[in-house]
Each structure stands twice: as structure tokens, then as C-alpha cells.
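Work through the exercises below with the sequence and the structure at hand. Each task is followed by a stepwise solution.

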Amino acid sequence: MAQLQEKIAKLFPQATFEEADVLTINIADAQLHDLAATLRDDKDLSFDYLMTIVGMDWQKELGCVYFLNSTTHGTTVSIKVTTADRDNPMLHSVSDLWAVAGIYEREVYDFFGIIFINNMDMRRLFLSVDWVGYPLRKDYDANPELNPVSIENERQLDTTDMWLEGPNGKIEKKTRPIFQKDDFVVNIGPQHPATHGVLRFRTAIDGETIKKIDVYMGYIHRGVEKLSEGLTYQQTLHFMDRLDYFSAHNYHHGLCMLYEKAAGIEVPKRAQYIRVIMDELSRIASHCLFIGTYCMDLGATTMLFYTLRVREQILDIMDKTCGARMTFNYDVIGGVMADLDPDFVKDVKELLAVVPKNIKEYNKIFTGNVIAKGRMNGIGVLSREDAISYAITGPSGRASGWACDVRKTDPYSIYPELNFEQVIMTEGDSMARFKCRVAEIQQSADIIAQIIDKIPEGEICAKVPKVLKLPVGHWYQVVEGCRGVFALYLESDGTTKPYRLKIAPPCLPLAGVVDHITEGQKIADLITIGGSLDYIVPDMDR
Amino acid sequence: MFDFSIITNWIHDFLGSTLGMAPWLVTTVECVLIGVGLLLAYALLALFYIYFERKVCAAFQCRLGPNRVGPMGLLQSFADMFKILIKELITLKHTDKFLFALAPYLVIVASVLAFACLPWGNGLQIINFNIGIFFLIAVSSIGVLGILLAGWSSNNKFTLIGAMRSGAQMVSYELSIGLVMITMVVFSGTMSISGIVEAQRDTWFIFSAHLPAWIAFIIYLIAGTAETNRGPFDLPEAESELTAGYHTEYSGIHFGFYYLAEYLNLFIVGGVASLMFLGGWMPLHINGWEGFNHVMDYIPSVVWFLGKSIFITFIIIWFKWTFPRLRIDQLLTLEWKYLLPISMVNLVFMTLCVVNGWHF
């Protein structure tokens, strides 16, 4: 880290540094783009993966924190940029460096009103076009009269704004249309079986061929980040069940680790084992559901019932221990909420016995089918470079050959002690994404098999005060959800409530890449590709 | 084997001689009777198929299927039918109202006309003339008109895409079906439906015409599945892409008509397959096995026909609940690059077989 700091200090003498769990570089907006370009392109640094952009309101100033990761060196660094202009805040865009930045900057614009110069698409991302105010600013007026519930049809713009910097440094606002004049635009969603939730694609098609897709989200945006700012740390946990409800355990695990790291709490070994087993069980259940719904999208309805059998078994196991089938709320700060059910080990072993048989059956019915091959092979190819640039993590990223499994690259909990290999494929098409998930079911089953007999006895939860108070500071935590890298950023002002809790889900970039990989494909391929990315809408909307 | 023409002739004589009706009146009364019988059979078969498909599908999916309404859920279809009959016909704004209302009738008329051609049993056939097969092909292709109209008049982009897909699909696959039928007509030497059945008195065509008939049978099964818009060829109504395709905007009994026609087209495909390959209502006869043939003759001809047709439709239902859906370009590739050339070559092959007498 010191070496890194030295090198950057040499190149950018104006930069100042903050030591936290992640090295933070403070830089002025004028040099942001240069610094970002250097960090990305320099051979020794090569921070080619933009993990998230955190919009911030420090009362006096607005700003952003960029989290960058190097896929070659595995290091993480953050850049902090501020602007004191609250009425007309502007920062420079990095969307030309990382493709995913375009959608991240739209999110920051939506919640903080920060305009990104040279971003070609500055529209709101989640809120409706006529929303008044920027909700995550600390001085936001939440008066319902300002934003009444509309009974009109949804308003929508056919143009988008952009603020472009001319050669003389003058910033000009421009407007451009989203679609061409004679495009035949079909509205797929928000209520459509293929979008797996309330997501909307405005799709310009030419016959059966897709020309362009414009993604609209936010239909189930609940403002979890804003709500968290008014709740105590313990109270914020239950939101994690309601993001990606299939990775509820994994997300809980992430947020608990973030708070534990901030508070310096040591989690008992038994709780760590339980957490990891639950994470992996979730992963099996999630991937099983993926296979079922994906096959159903492709018309093979019968598969859904075969995969649900395994998922049902897992939900029963969870039900016995956690008391719920969906919203578990099981991990708590310091450990887990309740001890394992007496039958837990027996039930899990029964599950592990049927998993390989089921995978064999899935492959027999579907993977080898000539129609399935024709539908998936070579459809929606995502190269490794694009996967990194668009921040496509999880099984979708690994199918493109990017080893992005946080359990390996930045191991947490007891994962370093476990013996497993990342599932990496190189084709990057829908078939690879499908096969990658099938392989990960086996991988998770193997991980559980390694530890199911070794769960240590002892405490299930550390001693934690009823109302947790964290010191002033900021922390960053990454975990592997079922769909990819789930990142959390916490800024604390020393009270019992988070000053700012940023949730960076894996599904937002997944939606952002749809336009890129569907261009020139058929309408039916949109279903294939969208299904194979396996996004969960509540996760991207939050 | 019981000849149903005894009954029909008796009715004819009863109306004409006993009641002393004028010939035109006799024809009218007979037409009404047949029409009622036909529609009744049509509706009952559709109800049977709804139940049958749900049970078969449930068995494939480790479920039970309908089992609450009536014993073993047998009354489920009737309940569904009454529900659909009392549902509101929703009229939409900005649609072409006349064409919108006309489209389901076109579909159902095409289906009923084709249905009327089927040889139900010995002497139990409604339309029987010397170009029966030709008539069957002609009327069954009216249906696509109804589908195109439905897609167009609904004023909805999804239905339009569904209708265009359906148009392309049905027009393409009709070629294969036509060629397969001509292949079998070449073998039987007649276009009359009763003639084709009669020609299979000793052996069914699937056995007597051996290789070319097997090829034709397989092509017919694939093309027939596509012709009825069923999985894996259900692109016009691919629910995960186009919600419900061309009939998205229909409600109540108008939707019911599409549903009915879909199931009956399934039966018609099965019926025509059994007519052309499996001897229609003709029992299984094996040359020389007199005793066996005699036993087979005891099974009523209607049972033979229904049994064969339902067996074929079971295979088609099996397809649907096993395979994923094709994409539109793959669908057309399959037809134009594989099925059509193969059926053309097969036609020549069959002609050679017939000319040289290479058959049983």
C-alpha cells in the first residue's frame, strides 16, 4: 500500500492520502480524470475494475468516492472527490474509462444531483422524471406534498441531457434523442414474464433484430440507503433480506462483517462456520432456481419443477433453523441469531446426497438438448475485457474468463481454510453462464461437505451491546453474493446510526450490460441473454 | 365390423320415406343434425384435451394435475368452460373492431371444416369426396388468416410480432405437410379420404410403404407440431417473449375460440396422421393371421380412430413438455433447409417405389 501511495504521490503531487481499510486518494475534480486514467492504464497499477461510485453529502460539500480494484494485482484503492457548490455541483465523468461508470454516475445524479461532465446520458435512474429534490442529500425535504403519488400514466422523456466540456473548458448543456426517428420501439416490461421482476426495456427492433435497448428501473426502488440513515445499526440488517432475496444470507453476512470490522468485534468460530454453510446453501438454492426459471424462459417448463425440488429441500432446512423460508434475518452483528436445528447436519447430508444426481438429470434433460444448444451457444458473448469494464461479476463474469470470486480474491470468514477452485469458463456466451452456475452448485455442495462435520462447539454470537455505536470513520466490505460482488460502504459520524450506508449490488451492472450484448441479436435472444445474466430487480433497485 | 352407414341410411330413409319430407327438407334436417353432432364432438374433444394435457403435463412435472373438481378432477374442464363462457368480452380502444371480432371465427371455422373431413369410423364420415385430402389442406390454411387478422387488429406491437411469426411459420410448414400428403397420395393412388382408408385394409401405409413412409411420418410429426403452434414451435405465443402472442388482447369466449382451435388442431393433426399412416379407423390387420384379424375387428372402428389420434397427440404433447423453444430463424432454417428438401427427395423416392413396385 505504501508503494502504491508513493507512486501516485510522485505522479500527482497535489493528491493527499487517507489510511483506512482501503487507501483513499483525495484529489481535486480537475485532475480526477487524469488520475483515473493513470490508475487504469499504468502497468503497475492497472485498476481496471470500477467497483462502485459512492455519492456522498458531507453537509458542507458534496462528492463521490470511487472504489477501484485491480484484477491483476488484487489491490483496492479509493478516490475521493468533492465539490463545494451545492446548487450546481459538477464533477468530471469517468464513463469513458469504465463502461459501468455511466450507470453509476446516473445513480449518483439521481440521488445527489451531481452532474457529471461528459457523461453522454444524464437522466435520473430510479426516480421518475419529475421528482423534486435529491433524496440522499442531508437537506432533502421529504414532505409528501412535494412529490405526491401520481395517478397519471408514467411520464417519460424521449431525450436525454448531457453536459459537454468544449476545448476552451466551457461547459455546454446539450440534448439528444434516445431513439432514432423511425425506430420501431417495443416496450418490454415492466410487467413482462421475461424481465424477472419489474424491469423495463424499451427495445428498438428491426423485424426480429434488436437495434437498441434502453433500460428503465426503479419500479420497486424502496430507498434502502436512505431508510438506513434513520435506523440503528441492528435495524438496518433486515433490509439485506429484501435486496437479492436469494442471497439473503450472503448479504447479511456482508453487512454484519462490515459492522463487526468497524466495531472490532470478534465472531465466534461456530458462528462463522454456520454463516458459511448458510451462504453456500443459499447459493445452491439460488442457482437451482436460476436453472429452472431460465429453462422456463427458453420454453422448457418442466425443468422448473425438477430444480425446485432441490430448492424446496434447502428452504425446509433453512426453515427449521432460521424460522423462515425467504426473509431469514439470521445473521446478526457478532454471530447468528439462533443455534442450528438438531437435525441440521442430517438434513444437509441428505441434501448433499441428492445434489449430484440432480445435476446429472438437469444436464441430461436440458444441457445436451440440441435446441438448448442452438439457443445458447454463441448468444450474448461478453469478452473478458468487457466483463471487467461493465463490472459483470459473479458466475456471469466468471463465464467470460474473469476470476472475480471474492471468496478467492479477497477471502473472508473461514473461506481461506477451505479447499475449492473458482469455476472459470472462457466462452462468455449464455451457455457458459448457464454451465458456470450448474458447476457452482456442485462447488458449493463440495464446500459444505468439507465443513459440515467440523462445525465447532461454542458460542453462536459474541457479546454485542443492544444499541451499537461505531467510531467516526469509514469502512468498505465486499462479499460474494449468488450473483456477484456485493460491496458495502459505511461512513460513521460516531452515533448509533449510519451517516451513509452505500449498497453496491451486483445486479445493477448486469442490467447495464444488456444493451451492449443484445445489439444485433433477435428478440428471443434478449430472453436468453437476460435470463443467463440472472439479475434480480429488487437488488438493482434497492 | 359394424358399418355406421346403416344408421345414417336409416335416418335418411326415415326422414324421406316414413315422414315423407321433400328432398330439400331432408337435406336441411340432416345438415342441422350433423352440424349439432359435429360441434358437440368438437367441444367435448376440446374439453377432453384440456384435461388430458394437464394430466400428462402434471405427470411429467412430478405433480398431480387437476384433482379437486369432480372425481379425479374430471369436471375441471367443464368448470373452466363455464368460467370462460361467462367472462366479459372486453372491447379495446383504437382497434379495428370488425376484424378484431371476425378473427376468432375464421380460426374456428377453419378448424371445424378440417375436423369435418376426418374419417371417424366405418361409414361415419361427413364430407367424403374424391379430392378430400386436397380440401383438407385448403381449409386448414384459412386459420392463418384469422391469426394474422388478430395480430393486426389488436393494435398491439406484441400481437403483431406474434402474428408475423405465426404467418411465416404456418406458411412455411404447410409446404412440408403438403408434400408429405402428396407423398402418401402417390402411394395410395387416390385423394379420397375413404379411398385412402380402404387402401389400408390389409396393411397400414406405415408398414406397407416402409422407408419413405417412415421419413414422411417423422416430417409430418414435426411439421404438424409447428402447424399447430405448439412447443417447441410455439413462437407465435411464446409466453416468455410475447406474453401471449397474437391472442394477447382477447378475452372471454373469443379467447376461448383460439384455445379451442389450438386443441382441436392438435387432434386434427393426430387424426390426419392416423388417416395417412396408421389406417384411419382401420383395425390392425396382419396378412395371414385370420384369427388375430378377426379379434381386432371386434374393437369398434371409432375406438381405433380415436385411439390412434390420441396416441399421436400424446407424442406431440410430450414434445411440448420436454423441449425448449426454437428461435424464429432456427425454426425457418429447419423448415427451408432440412424438412422441405428432404420431403421433396422423399416424394421422388416414393414415386420410384410405387413405379417399381418396391413395397408390400
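**Exercise 1.** Decide how helix 2 of chain B and helix 12 of chain B are oriented to each other in this predicted model.

*Solution.* 
- Step 1. Find the two helices: helix 2 of chain B covers residues 23–60, and helix 12 of chain B covers residues 252–276.
- Step 2. Take the crossing angle, roughly 90°, with the axes coming within 9 Å.
- Step 3. Angles of 65 to 115 degrees count as roughly perpendicular. Helix 2 of chain B and helix 12 of chain B are therefore roughly perpendicular to each other.
- Step 4. List the residues that meet. Helix 2 of chain B brings Tyr42(B), Leu45(B), Ala46(B), Tyr49(B) and Ile50(B). Helix 12 of chain B brings Leu260(B), Tyr263(B), Leu264(B), Leu266(B) and Phe267(B).
- Step 5. Sort this contact by class: 10 nonpolar, no polar and no charged residues.

**Exercise 2.** Judge how compact chain A is for its 542 residues.

*Solution.* 
- Step 1. Count the elements: chain A has 18 helices and 17 strands.
- Step 2. Along the principal axes, the C-alpha atoms of chain A fill a box of roughly 70 × 60 × 55 Å.
- Step 3. Check burial: 47% of the 542 residues in chain A are buried.
- Step 4. Check contact range. Of the contacts in chain A with a separation of 6 or more, 66% join residues 24 or more positions apart.

**Exercise 3.** Describe how domain 1 of chain A touches domain 2 of chain A.

*Solution.* 
- Step 1. Count the contact: 21 residues of domain 1 of chain A against 23 residues of domain 2 of chain A.
- Step 2. Find the contributors on the domain 1 side. Strand 3 (49–57) and strand 4 (62–69) of chain A each supply at least two residues. Strand 3 of chain A gives the most, with 6 residues.
- Step 3. Sort that side by class: 16 nonpolar, 3 polar and 2 charged residues.

**Exercise 4.** Characterise the side of chain A that touches chain B.

*Solution.* 
- Step 1. Count: 23 residues of chain A are in contact with 23 residues of chain B.
- Step 2. Name the helices. Helix 7 (269–297), helix 8 (302–322), helix 10 (370–376) and helix 17 (523–533) of chain A each supply at least two residues.
- Step 3. Helix 10 of chain A provides the largest share, 4 residues.
- Step 4. Sort by class: 13 nonpolar, 6 polar and 4 charged residues.

Key
Residues are numbered from 1 along each chain as its sequence is written. Chains are lettered from A and ligands numbered from 1 in the order in which they are written. This is a predicted model: local features need pLDDT of at least 70, side-chain atom pairs count only at pLDDT 80 or more; totals for chains, interfaces and linings use all residues. Two residues are in contact if their C-beta atoms, placed from the backbone, lie within 7 Å. Ala, Val, Leu, Ile, Met, Phe, Trp, Tyr, Cys and Pro count as nonpolar, Asp, Glu, Lys and Arg as charged, and the others, Gly among them, as polar. The radius of gyration is taken over C-alpha atoms; the globule rule is 2.2 Å times the number of residues to the power 0.38. A residue is buried if 20 or more other C-beta atoms lie within 10 Å of its own, exposed if 12 or fewer, and partly exposed in between; C-beta atoms are placed from the backbone. Axes are lines fitted to C-alpha atoms, for helices over the stretch in contact, and angles run from 0 to 180 degrees between N-to-C directions. Angles under 35 degrees count as roughly parallel, over 145 as roughly antiparallel, 65 to 115 as roughly perpendicular and the rest as oblique.
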